[in-house]
Amino acid sequence: MFCPCFKNRVGRVISKNMKTVSLFNIPISTGGYHDFIKNIIDSAIEGKSQYVCVANVHMLVEAYNDPGFAKVLDRARVVTPDGLPLTWAMRLLYGFKQERVAGMDLMPDLLREASQKALPVFFYGGTEEMLTQTKQFLQINYPELKLAGTYSPPFRKLTYGEDEQVVSIINNSGASIVFVALGCPKQEKWMSAMKGRIKAEMIGIGAALPVLIGVQSRAPLWMQRYGFEWLYRFSQEPKRLFKRYAVTNTKFLYLLCRAMLKKGVTLRKDALKVYKA
């Protein structure tokens with residue numbers, strides 16, 4: 001399967017220290033971890049209507065299988081390499097060291113930067129209970145942060161009127177950054193639909209929010225460093241994640257092996273080494 005929509009996007013320059021490369025014809029942003037932070041904050045200060053996708057193996061395979069979703073990633077200003085296997089794939093296929101840019105690391109760092117630079121933030125998605133816990137967590141851990149607002153959407157498709165109301169609420173809140181917690185691929189599709197309508201930098205945070213506020217725990221550091229964070233998540237939600245991991249992880253390995261064969265790449269001794277900020 002080939003997605004022609006990426007021909008003009010792969011290899012484009014995002015900023016001075018960032019560009020994109022292709023993983024299975026999907027554009028993934030590259031650069032140092034702190035380059036991503038600076039780029040997102042700078043964009044938020046500019047107030048442009050854009051969005052950031054935080055890509056793991058699941059998202060990459062979903063985009064490969066679904067041309068419609070692939071276009072959603074194509075419209076994103078930045079697609080970060082969240083999953084460690086993505087950084088390994090870059091090392092194998094392109095020979096450069098890429099730091100992992102995970103949503104669970106990005107979120108607290110972005111909140112700290114937003115607090116220091118007086119950038120109001122908005123949280124869209126999650127249950128009312130989770131958003132209440134989020135407010136409490138932010139008051140304790142980021143007391144100077146400007147919380148523009150929160151919104152828990154119903155578990156159904158919004159009507160046209162409700163959709164317009166959400167846009168109005170977020171824009172009138174003065175938010176510079178909108179953290180979207182709807183899960184993949186729903187949050188990415190929502191951000192794509194809101195590009196040009198919501199006047200802020202949007203970023204899909206998925207499972208990072210419940211981990212941040214302590215509802216869920218994150219894998220031990222050694223599991224993060226060696227690419228087993230997915231296994232830890234699976235142990236927490238085996239019924240929900242079994243099919244996802246069984247199918248997407250296998251498909252990812254197949255696509256990577258095929259890409260390596262096509263490029264005549266052999267396994268490098270240090271290909272699976274972790275490069276962390």
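Predicted model: local features only at pLDDT ≥ 70, side-chain atom pairs only at ≥ 80, totals over all residues.
Trainee: How many helices and strands does the chain have?

Mentor: The secondary structure comes to 12 helices and 9 strands, where helices (H or I, at least four residues) and strands (E, at least two) are DSSP runs numbered from the N terminus.

Trainee: And what does the radius of gyration say about the chain?

Mentor: A compact globule of 277 residues would have a radius of gyration near 19 Å, and the chain has 18 Å, which agrees; the radius is taken over C-alpha atoms, and the globule rule is 2.2 Å times the number of residues to the power 0.38. Along the principal axes, the C-alpha atoms fill a box of roughly 55 × 40 × 35 Å.

Trainee: What share of the residues is buried?

Mentor: Buried residues make up 52% of the 277 residues, with buried meaning under 20% relative accessible area, exposed over 50% and partly exposed in between (1.4 Å probe, protein chains only). As for contacts (heavy atoms within 4.5 Å), residues 24 or more positions apart account for 71% of those with a separation of 6 or more.

Trainee: Switching to the open sheet of 3 strands, what is the strand order?

Mentor: The order is β1-β2-β3, with antiparallel pairing, and two strands pair if DSSP finds at least two bridges between them. The edge strands, each of which pairs on one side only, are β1 (13–15) and β3 (26–30).

Trainee: Over how many bridges do β2 and β3 pair?

Mentor: Strand β2, residues 18–23, pairs with β3 over 5 bridges in the antiparallel sense, and Val21 stands opposite Ile28 in β3.

Trainee: Now the charges: how many salt bridges does the structure hold?

Mentor: The structure holds 9 salt bridges, each being a side-chain nitrogen of Lys or Arg within 4 Å of a carboxyl oxygen of Asp or Glu. One of them joins the side chains of Arg77 and Glu201 at 2.4 Å, N to O. That pair links distant parts of the chain, with Arg77 in the loop between α3 (67–75) and β5 (78–81) and Glu201 in strand β9 (residues 201–204), 124 residues apart.

Trainee: Are Arg77 and Glu201 buried or exposed?

Mentor: Both Arg77 and Glu201 are buried.

Trainee: What about Asp82, which partner does it have?

Mentor: Asp82 forms a salt bridge with Arg100, the closest N and O atoms being 3.3 Å apart. Asp82 lies in the loop between β5 and α4 (84–94) and Arg100 in the loop between α4 and α5 (103–116), so the pair ties together parts that are 18 residues apart in sequence. Asp82 is buried because its relative accessible area is 13%, and Arg100, at 14%, counts as buried.

Trainee: And where do Arg197 and Asp163 sit?

Mentor: The side chains of Arg197 and Asp163 meet in a salt bridge of 2.9 Å, N to O, with Arg197 in the loop between α8 (186–194) and β9, and Asp163 in helix α7 (residues 160–173). Arg197 counts as partly exposed at 27% relative accessibility, whereas Asp163 is buried at 18%. Salt bridges that share partners join Asp163, Glu164 and Arg197 into one network.

Terms used:
Residues numbered from 1 in each chain as written. Heavy atoms only, no water.
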